[in-house]
Amino acid sequence: AHNSGSVTAYGQGAFARGDCAGTISASQSGAYAGGITPSNATITSSGFGSWAFGSLASDASMTASSYGSHAEGYIQSYGIITSSGIGSHAEGFAYGSSKYSGYGIIASGKGAHAEGYGGKAGNNTVASGDGSHAEGWCTQATGKGSHSQGFYTQATGVYSFAMGVESLANKLAQIAHGANMFSVIGDAQTSQYVLRTQTTNATQTEMFLSGVASNRLVLANDS
C-alpha cells in the first residue's frame with residue numbers, strides 16, 4: 001500500500017494488490033482486488049471467486065460482491081462500477097460528480113453483463129434482468145434475457161432487444177430500433193413482434209405474443 005492507503009486480503013486464496021491512498025480489499029475465498037485508488041476511493045472484491053480491478057478517481061467505488069462476479073474499468077470521481085449478481089460482469093468507464101454521486105455501470109442480475117459508458121441520475125448503464133446484457137452509452141436491460149445497445153436505449157420486456165438511439169423494447173421478445181426521440185424514449189422507432197395462434201377453421205382468430213392470451217399486443221396512441 002502506498003500513500004497511507006489500505007490493501008488487505010483475507011479469505012482462502014484471496015489476493016489484493018495496488019497503489020492506493022484509499023482502500024483495496026479482497027475478502028472472500030478466491031477473491032481478487034487490485035488497481036489504483038486515490039483518497040476515499042475503494043476497490044472491493046467480496047464474493048467467492050470474484051474479481052475487481054481498475055483505476056479510480058477520488059470518491060469512486062468499484063465492487064464485485066457476488067459469487068463469480070467481475071468488475072473492472074476506469075471511474076471518475078463519485079462514479080461506481082458494481083457487479084452484484086451471481087456470475088455478473090460490469091466493466092467500462094463510469095463518470096460522475098458530487099451532483100451525480102453513486103451512478104455508473106451496474107450488473108445486478110444473475111449472469112448479467114453491463115459494459116460501456118455510464119453515469120448521472122437515471123442514465124446508468126444497467127443490466128438488472130437475469131441473463132440480460134446492456135452495452136453502449138447509458139443503456140438499460142431490465143427484462144429477463146433482454147439486450148440493450150446503442151445510446152440511451154431501454155429493453156424492459158422479457159427477451160426484448162433495444163438498439164440505436166433512445167428506443168424502448170417493453171413487450172415480450174420485441175425488437176426496437178430508434179433514431180432519437182420527440183419527447184419520450186420510444187416515440188420515434190420501428191419495432192418487430194412475433195404473434196401466433198392456431199386455428200382449425202376459417203373463423204377470424206386473435207393472435208398474441210408467444211401465443212398466450214395474456215400477452216395481447218396493445219399499440220400506444222399515435223402508433
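Predicted model: local features only at pLDDT ≥ 70, side-chain atom pairs only at ≥ 80, totals over all residues.
**Entry 1: Asn-124 and its contacts**

Setting aside neighbours within four places in sequence, I found Asn-124 in contact with Tyr-103, Gly-104, Ile-106, Gly-119, Cys-138, Thr-139 and Gln-140.

Where does Asn-124 lie? I traced Asn-124 to the loop between strand S12 (113-118) and strand S13 (125-127). Is Asn-124 buried or exposed? Its relative accessible area is 10%, and buried means under 20%, so I noted Asn-124 as buried.

**Entry 2: The sheet**

Next I followed S12 into an open sheet of 11 strands with mixed pairing, in the order S2-S4-S6-S8-S10-S12-S14-S16-S18-S20-S21. Strand S2 (15-20) and strand S21 (189-192) stand at the edges; each has a single partner strand, so one side of each lacks a neighbour in the sheet. I also noted the twist, which averages 5° from one strand to the next.

I then picked out S10 (residues 89-94), which runs parallel to S12 and is joined to it by six bridges. Phe-93 has Tyr-117 in S12 as its bridge partner.

**Entry 3: Aromatic rings**

My count of aromatic pairs came to 11. One of them is Tyr-74 with Phe-93, a stacked pair with 5.5 Å centre to centre and 15° between the planes. Tyr-74 sits in strand S8 (residues 70-75) and Phe-93 in strand S10, so this pair ties together parts 19 residues apart in sequence. I found Tyr-74 partly exposed, at 36% relative accessible area.

Finally, I saw that Tyr-74, Phe-93, Tyr-95, Tyr-117, Trp-137, Phe-151 and Tyr-152 form one aromatic cluster.

Technical notes: Residues numbered from 1 in each chain as written. Heavy atoms only, no water. Helix = DSSP H or I, 4+ residues; strand = E, 2+ residues; numbered from the N terminus. Buried < 20%, exposed > 50% of the residue type's maximum accessible area, 1.4 Å probe, protein only. Contact = heavy atoms within 4.5 Å. Pairing = 2+ DSSP bridges. Axes fitted to C-alpha atoms, helices over the stretch in contact; angles between N-to-C directions. Phe/Tyr/Trp six-rings, centres within 6.5 Å; stacked < 30°, edge-to-face > 60°.
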